[in-house]
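This report describes the architecture of one protein chain. Please read it alongside the sequence and coordinates.

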Amino acid sequence: MFCSTLEKKIIWHGTTEILANFPVAERTYRLRFRAPELVSALQPGQFVMLRLANTNDPLLGRPLAVYRADAAEETIDIVYLVVGKTTERLSALLPSGTPLQVWGPLGAGFQLPPADHLIMIAGGIGQTPFYTLAEESLGLRVFSHKNAAVKKISLLFGAKNKNRLACLDDFRQLGVDVRIATEDGSEGECGVATDLIASTIREANLPKSVLACCGPRPMLRAAFDVAQSLGNLPCYVSLESPMACGLGICFSCVVKYRDENGAIDDVRTCTEGPVFDAYRLVW
Ligand SMILES: Cc1cc2nc3c(=O)[nH]c(=O)nc-3n(C[C@H](O)[C@H](O)[C@H](O)COP(=O)(O)OP(=O)(O)OC[C@H]3O[C@@H](n4cnc5c(N)ncnc54)[C@H](O)[C@@H]3O)c2cc1C
Ligand code: FES
């Protein structure tokens, strides 16, 4: 069992206030709060635990990826899909100083091998950890560790329908090549994001591609299958496992993972992850 991260320093745990909370797509909201300590320590792909203050229902916090970090304003943006109790209640909160409990930044973010073409594959609300990664990989921003610059970034985004396409203009403004697949064909290709991988790589015609994926587990598995079929391309997946503490204490988030020697162990998504090498994950 990996235990070293039990001693990991928690950068920040406190109560902050909601500065903005507005819809960006169907059942999808963008929330902003001030957290200078988080902004300065962030790595792309990390997340925060967020808990409604002044209530014990729900008792536990929920993990949410850091979507954007504004260094000048010292604010963090989260983009969330309403699926249950916390996100439903969150969507009703007014940005008039409503308190929120937040702890983070948490987990190990993206640390990708050098490549020419970064292909970010997102399903559902899986685009959220990719904005900061795109900023860093395009050399627009330096975070607390560094992913090497790439020549091109593509975002392959899969959603149920066009009403669920959130934040894509943000990526376009960075210069990311955005490609869309919807299950009902209402925008982009009719299908799923993983259908777009092979043609995206073919058209870019760059020597080295790396895949970074975030979304429901079947989508991650499908992306990994494509990575293998295209000559074992490097493939990293960010898991959305349910979590209770986010701090490495409760072990509610373990997955089976191979160490460097191939031995399988239980690792915590909240501390060793959420980003894992797809070739070492036990699917
Ligand atoms: C590292 C990480 C980053 C995440 N980033 C984001 C993000 O940026 N935006 C976002 O909208 N969501 C994100 N999620 C998922 C988010 O944590 C859940 O949607 C959230 O916990 C739901 O809370 P809730 O109280 O609204 O729903 P709950 O009442 O807890 O659950 C509602 C329903 O959703 C199911 N459910 C809850 N969590 C998950 C899950 N992780 N996977 C599958 N089913 C689940 C439950 O079984 C239940 O059926 C992330 C998860 C992880 C682990
Ligand atoms: S959520 Fe508690 S150990 Fe990962």
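How many bridges join β8 to β12, and do they run parallel or antiparallel? Six bridges join the two strands, and the strands run parallel. The model discussed here is predicted.

## The mixed sheet

β8 and β12 belong to an open sheet of seven strands with mixed pairing, in the order β11-β10-β9-β8-β12-β13-β16. The edges are β11 (189-190) and β16 (275-277); each has a single partner strand, so one side of each is left without a neighbour in the sheet.

Helix α3 lies across β8, β9 and β12, and runs at about 170 degrees to β8. Helix α6 packs on the sheet as well, touching β8, β9, β12 and β13 (235-238), and its direction makes about 175 degrees with that of β13.

Ala-212 has 29 C-beta neighbours inside 10 Å; the threshold for burial is 20 or more, so Ala-212 counts as buried.

Leaving aside residues up to four places away in sequence, Ala-212 touches Phe-110, Leu-112, Leu-118, Met-120, Leu-133 and Tyr-236. Pro-23 is 189 residues from Ala-212 in sequence, and their C-alpha atoms are 26 Å apart in space.

## Helix α3

Helix α3 covers residues 130-137, and seven of its eight residues are buried, so the helix is largely enclosed by the rest of the structure. The buried residues are Phe-130, Tyr-131, Thr-132, Leu-133, Ala-134, Glu-136 and Ser-137.

The cover over these buried residues includes β5, β8 (117-123), β9 (152-159), α4 (168-174) and β12 (209-214). Just after α3, Gly-139 takes a positive phi of about 75 degrees.

## The antiparallel sheet

A second open sheet of seven strands has antiparallel pairing and the order β4-β3-β7-β1-β2-β6-β5. β4 (62-65) and β5 (68-70) are the edge strands; each has a single partner strand, so one side of each lacks a neighbour in the sheet. From one strand to the next, the twist averages 35 degrees.

Within this sheet, strand β1 (residues 12-25) pairs with strand β7 (residues 99-106) in the antiparallel sense over six bridges. The bridge partner of Glu-17 in β7 is Pro-99.

How is the chain divided into domains? Domain 1 spans 4-106 and domain 2 spans 117-277. Their centres, taken over C-alpha atoms, are separated by 21 Å. In the contact between them, 28 residues of domain 1 meet 28 residues of domain 2.

On the domain 1 side of this contact, the elements that give two or more residues are β1, β3 (47-52), β4, β5, β6 (75-81) and β7. The largest share comes from β6, with three residues. By class, this side has 20 nonpolar, five polar and three charged residues.

In soluble globular proteins, nonpolar side chains tend to be buried together. The largest nonpolar core here has 83 residues, of which Leu-211 and Ala-223 touch the most other members. Helix α6 (residues 217-229) gives the most to this core, with seven residues. Both domain 1 (4-106) and domain 2 (117-277) contribute residues, so the core lies between them.

Which residues does Ala-223 touch, not counting those up to four places away in sequence? Ala-223 touches Ile-121, Thr-194, Ile-197, Leu-211, Cys-213 and Cys-235.

Strand β14 (residues 254-258) and strand β15 (residues 264-268) pair in the antiparallel sense, with five bridges. One of the bridge pairs links Val-255 to Val-267 in β15.

The two strands form a hairpin with five residues between β14 and β15. In the turn, Gly-262 has a positive phi of about 95 degrees.

How values were computed:
Residues numbered from 1 in each chain as written. Chains lettered and ligands numbered in written order. Predicted model: local features only at pLDDT ≥ 70, side-chain atom pairs only at ≥ 80, totals over all residues. Pairing = 2+ DSSP bridges. Helix = DSSP H or I, 4+ residues; strand = E, 2+ residues; numbered from the N terminus. Axes fitted to C-alpha atoms, helices over the stretch in contact; angles between N-to-C directions. Domains from an automatic or database assignment. Contact = placed C-beta atoms within 7 Å. Nonpolar A, V, L, I, M, F, W, Y, C, P; charged D, E, K, R; others polar. Core = buried A, V, L, I, M, F, W, Y, C linked by C-beta atoms within 7 Å. Buried ≥ 20, exposed ≤ 12 C-beta atoms within 10 Å, placed from the backbone.
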